[in-house]
Structure formats: C-alpha cells, structure tokens
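I opened this notebook to record what I looked up in the model. The entries follow the order in which I consulted the structure.

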Amino acid sequence: MWRSGLNSRSTTTAQALKEKKWDALVIGGGHNGLTAAAYLARGGLSVAVLERRHVIGGAAVTEEIIPGFKFSRCSYLQSLLRPSVIRELELKRHGLKLLKPTATTFTPCLDGRYLLLGHDDERNYLEISKFSKYDADAFQAPETLHWDSSFTYWMRDKLEKSVFWARCLRHIMVLGQKDMVNFMDLLLSPTSKVLNKWFESDILKAVLAGDAIVGSMASIHTPGSGYVLLHHVMGETDGDRNVWSHVEGGMGSVSTAISNAAIEAGASIMTNAEVSQLMIGNSGTIEGVLLADGTRVCSSIVLSNATPHRTFLGLIPRDALPEDFLRAIEKSDYNSGTTKINVAVDKVPWFHCCGSNNTEAGPQHTATIHICSESMDNIGSACQDARNGLPSKRPVMEMTIPSSLDKTISPPGKHVVSLFTQYTPYKPSEGSWENPTYREAYAKRCFSLIDEYAPGFSSSIIGYDMLTPPDLEREFGLPGGNIFHGATGLDSLFFMRPAKGWL
C-alpha cells in the first residue's frame with residue numbers, strides 16, 4: 001500500500017541527499033512530520049523527510065504482520081486530525097477516506113445487559129434509560145450559558161498583558177463565569193468526582209471515564225484526569241463532533257495521504273534514513289544532520305518529529321544546550337501503561353448480551369467496544385494493579401473492529417481486531433516483557449476476559465501482534481511506551497510544560 005519510492009533509500013538517493021543543501025529537514029516521517037513537510041514544500045522550500053523505519057507513518061501506520069491482515073499497529077481511530085489540515089492539504093483527493101461508525105460506543109455487561117450509544121439522541125436516551133432515567137435526562141440536557149460583565153472585564157485585562165492568556169482565553173471568552181468555573185472544575189478535578197456529580201449509573205460513568213485514562217498511568221481518581229477526558233471529546237469526523245472514525249486501509253492511509261500531498265508539493269521522503277545526530281557549527285547554529293550510515297545532510301533548519309527526549313538527549317551534543325533545560329527534559333514524565341494487541345480472527349466476535357449468534361457485523365461491531373469497563377471500580381482496580389508493579393488482573397480494553405466497515409484490510413469473512421489495553425507497567429515487578437512466556441500469559445488473559453463477553457473469541461484467533469511499553473519505545477521511538485510524547489498531567493500542560501519557559 002506504500003508508494004514504491006517510500007520503502008527504501010537507494011544509493012542514488014543518498015548521493016542526492018549529500019549533494020544538496022536543503023531549506024529544511026524533518027527528522028521522522030510520522031504524520032506530524034509529514035504535515036510540516038507538506039506545508040513547508042507548499043511554501044516553496046526544498047524539504048527532505050528522513051524516516052528511520054522502512055515505512056512512513058510513525059505511530060499512524062498500517063502493516064501486514066499476518067498475511068492478508070493489515071493492522072493499524074499503534075494509532076487505530078481518527079478524530080483529532082485538524083479539519084483545516086484535511087481541507088488545505090486536500091487529503092481526500094490524496095486518498096484519505098474516513099469511515100464513520102454506525103454506533104459510537106458499545107459496552108457489554110456480564111449480567112447480560114449492554115449500553116449502545118450512537119448518533120441518534122432519541123436512541124441514546126432510551127439506551128441510557130435502561131440503567132437510569134435521571135442519567136438519560138442529564139446526558140441530553142444542555143447547560144445554559146451565562147455572561148458576566150465583571151468576568152469579561154477581567155479576561156480582557158488578561159488578554160492585554162499576556163500572550164499565553166491571549167491565546168487561551170480568547171477561545172473561552174464566550175463561556176461566561178458559570179461555564180468558566182465548570183470548565184476549570186473539569187480541568188482540575190478527578191474524573192470520578194466530575195462524573196459522580198453528573199451521573200448516577202455506574203456503567204455510564206465507566207464508559208465516559210474510559211476516555212480519561214487513555215494512554216496514561218493515571219487513575220480516574222487522580223486530580224486533573226478530567227483534562228484527558230476533555231482532550232478525547234474535542235475531535236470530529238466530517239463536521240460531526242466527538243466522532244472517532246475508522247480509516248479505509250488502516251491508519252497508515254492518513255500518513256500516505258499526507259505524504260502524497262507533500263510529494264506533490266515537492267518534498268522528498270526517504271525511509272531507512274536514521275538520523276544519529278544534529279550537526280552544530282562553532283557558532284552554535286544548525287548545519288544539518290548526520291545519518292547512522294555516515295551520510296551528512298546539510299540544512300540550516302531542522303524540525304524534529306521525534307520526542308523531546310530523543311531529540312534533545314539523543315540527537316544533540318549535550319554541551320550545545322543549557323544544563324537547566326537538559327535537566328528538565330531528563331525529568332520529563334513518559335510513564336504509560338499501554339499495551340496494544342492486534343488480532344486476526346476467522347469470524348466477527350459474537351457478544352452473548354446481543355442475543356442470537358449472527359455472523360454478520362452489526363452496529364456494535366463498528367463502535368468502540370469497552371471490555372471490563374462496565375464499572376468504575378474495575379477501572380480503579382486495574383490502575384492500582386499496575387501501580388503495584390503488576391499488569392492489571394482485569395485490564396481495561398478498548399476493542400475496535402475496523403474490518404466491520406473496511407473490506408480492504410482482511411480476507412472475506414475474516415476480521416481485524418484492535419485491542420488497546422491498560423494497565424501494563426513498563427517494568428513489571430514479577431516478570432519481564434522480554435520473556436515470551438510472560439508476554440503470552442498477558443495476551444491470553446486479555447483473550448480469556450473477552451471470552452466472558454464474547455464466547456469463542458479465543459478459538460477464533462488466527463494470530464496476533466503485541467506491543468508492550470518497551471516494544472512501543474524500541475520500535476516506534478516512544479519513550480516509556482507513551483503515546484502522547486509525554487504524560488498528559490496538568491503539571492505538563494499549557495504554561496506548565498516540562499521545560500518551563502521554553503517554547
């Protein structure tokens with residue numbers, strides 16, 4: 001599925017890299033790096049993207065690990081790619097096709113009930129009413145916006161005095177005092193507190209709480225975890241808010257579409273081109289990069305799609321940066337508890353709570369399926385296990401089945417299943433992810449738990465690919481296995497970024 005010119009770097013390409021001084025170099029061919037390259041090339045600059053792996057895409061990549069099955073190995077749903085980028089780079093013309101799910105979330109329960117939410121407000125009301133009419137009303141009711149003149153004056157004063165406040169507060173000036181207080185409460189409070197205030201049914205709270213822990217080691221009881229919940233409801237698909245879509249061909253199609261736009265604009269993209277260090281002149285200015293094979297590539301501008309940890313501690317000579325800045329980068333929190341399991345199965349999972357065993361994919365199969373997530377207590381216990389150094393006994397799992405909508409990624413009648421599981425410590429206290437037996441035990445635990453909701457799932461497995469936190473670090477350059485380039489606690493966001501005072 002990759003362009004023929006993107007899979008390897010030939011001797012001719014290496015020679016071209018050496019002979020030209022580029023206007024800009026981009027380290028890493030992840031979707032962010034490719035986007036930067038596309039815009040720079042559209043601005044008339046000569047740009048080269050240097051990707052370490054044999055394929056572009058970074059964590060937004062499609063790979064055929066098991067013959068006939070194409071996995072979105074890391075990132076698995078699309079919602080947060082800015083609509084302006086899709087529009088300006090004409091990504092749909094370049095091959096991007098978003099597949100909107102029939103339903104949004106499906107949560108099966110061991111007692112035979114389930115909660116299926118989608119795009120229909122009336123249907124959602126009936127679904128939530130099965131558990132609580134109070135919650136159905138609360139879920140639907142919009143809050144009335146209030147405007148307070150004294151609060152407006154205070155914000156305008158801040159706007160005049162601070163660039164940071166200007167950027168942040170301009171977007172929330174329309175909220176008014178009451179809504180501003182509610183916003184800050186959501187931002188600073190534990191997710192459990194926020195949801196306990198809003199709703200009464202455990203299953204609805206648990207479904208929403210799942211969005212607050214994605215990719216972190218934070219508990220739903222951790223102050224500030226409400227921010228991650230907010231982060232994951234800000235996206236959209238084709239103008240529909242808070243809709244996470246599948247992508248035809250897998251998430252690598254996002255990166256391919258962006259690379260097509262970049263190439264059309266004149267950018268050059270090289271794979272198998274690992275950067276070993278930045279070249280810095282005697283005056284402290286950037287002169288280019290040195291590749292792992294010794295190739296010198298010249299440019300006075302270098303953008304890095306790698307993490308801050310890899311960029312500043314691995315690629316730049318230590319004496320080129322201030323010591324206080326380096327210490328801040330060294331102490332950055334990359335803690336994460338994510339293990340991704342990609343599974344090839346010979347039939348679509350059947351959930352016993354849905355009744356008859358239908359072999360065809362239904363609305364529930366297109367949704368994000370929450371396994372072991374029908375209670376707040378289970379989510380809290382899963383996190384506590386990991387904090388004790390153990391993979392969760394009952395991991396919280398987001399299951400998606402992209403082949404329920406996308407017929408290009410699996411053989412007819414067979415399916416691709418993605419499992420985003422939490423929590424798994426980077427260094428377990430009683431084993432090692434390098435031990436094949438230990439790894440297999442965790443995978444089988446996840447499969448057995450799915451069997452409780454979807455009998456026969458384990459027996460349908462053809463094969464699987466598992467990426468633990470150390471695997472994500474080693475293969476995709478994500479320190480600690482963290483999917484956000486750093487933990488998303490409030491102490492690392494906005495003006496509290498890890499290297500404070502640096503942009």
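Are α9 and α10 oblique or parallel to each other? I began with their axes, which come within 10 Å and cross at roughly 140 degrees. Helix α9 covers residues 191-198 and helix α10 covers residues 202-209. The two helices are therefore oblique to each other, since angles under 35 degrees count as roughly parallel, over 145 as roughly antiparallel, 65 to 115 as roughly perpendicular and the rest as oblique. I noted the crossing of α9 and α10 as right-handed; a crossing has that hand if the near helix is turned clockwise from the far one by less than a right angle, and is left-handed if anticlockwise. Axes are lines fitted to C-alpha atoms, for helices over the stretch in contact, with angles from 0 to 180 degrees between N-to-C directions.

Basis of the entries. The model is predicted: local features need pLDDT of at least 70 and side-chain atom pairs count only at pLDDT 80 or more, while totals for chains, interfaces and linings use all residues. Residues are numbered from 1 along each chain as its sequence is written, and side-chain values use heavy atoms, without hydrogens and water.

Entry on the parallel sheet. I traced an open sheet of 4 strands in the order β12-β3-β2-β16, with parallel pairing. Strands β12 (268-270) and β16 (302-304) stand at the edges with a single partner strand each, so one side of each has no neighbour in the sheet. From one strand to the next the twist averages 20 degrees. I then looked up β3 (residues 47-50), which pairs with β12 in the parallel sense over 3 bridges. There, V49 has I269 of β12 as its bridge partner. Pairing requires at least two bridges found by DSSP; helices (H or I, at least four residues) and strands (E, at least two) are DSSP runs numbered from the N terminus.

Entry on the hairpin. Strand β4 (residues 62-66) pairs with β5 in the antiparallel sense over 3 bridges. I found E63 opposite F71 of β5. The hairpin of β4 and β5 has 2 residues between the strands, and G68 takes a positive phi near 90 degrees.

Entry on the cavities. I counted 2 cavities of 30 Å³ or more. On a 1 Å grid over the protein atoms alone, a cavity is a set of points where a 1.4 Å probe fits but cannot get out, and lining residues have an atom within 4 Å of a point. A volume is the space filled by probe spheres set on the points, which are joined across faces, edges and corners.

The largest cavity has a volume of about 100 Å³. Of its 14 lining residues, S72, Y76, G250, P402 and I409 are the closest to its centre. The elements that give two or more residues to this lining are β5 (69-72), β11 (246-247) and β20 (415-422).

The second largest cavity has a volume of about 80 Å³. Its lining includes G210, H370, E398 and F420. Strand β19 gives the largest share of that lining, 3 residues.

I recorded A218, D333, A487, T488 and G489 as the closest to its centre among 20 lining residues.

Conventions. On a 1 Å grid over the protein atoms alone, a cavity is a set of points where a 1.4 Å probe fits but cannot get out, and a pocket is an open set with protein on both sides within 12 Å along at least five of seven lines; lining residues have an atom within 4 Å of a point.
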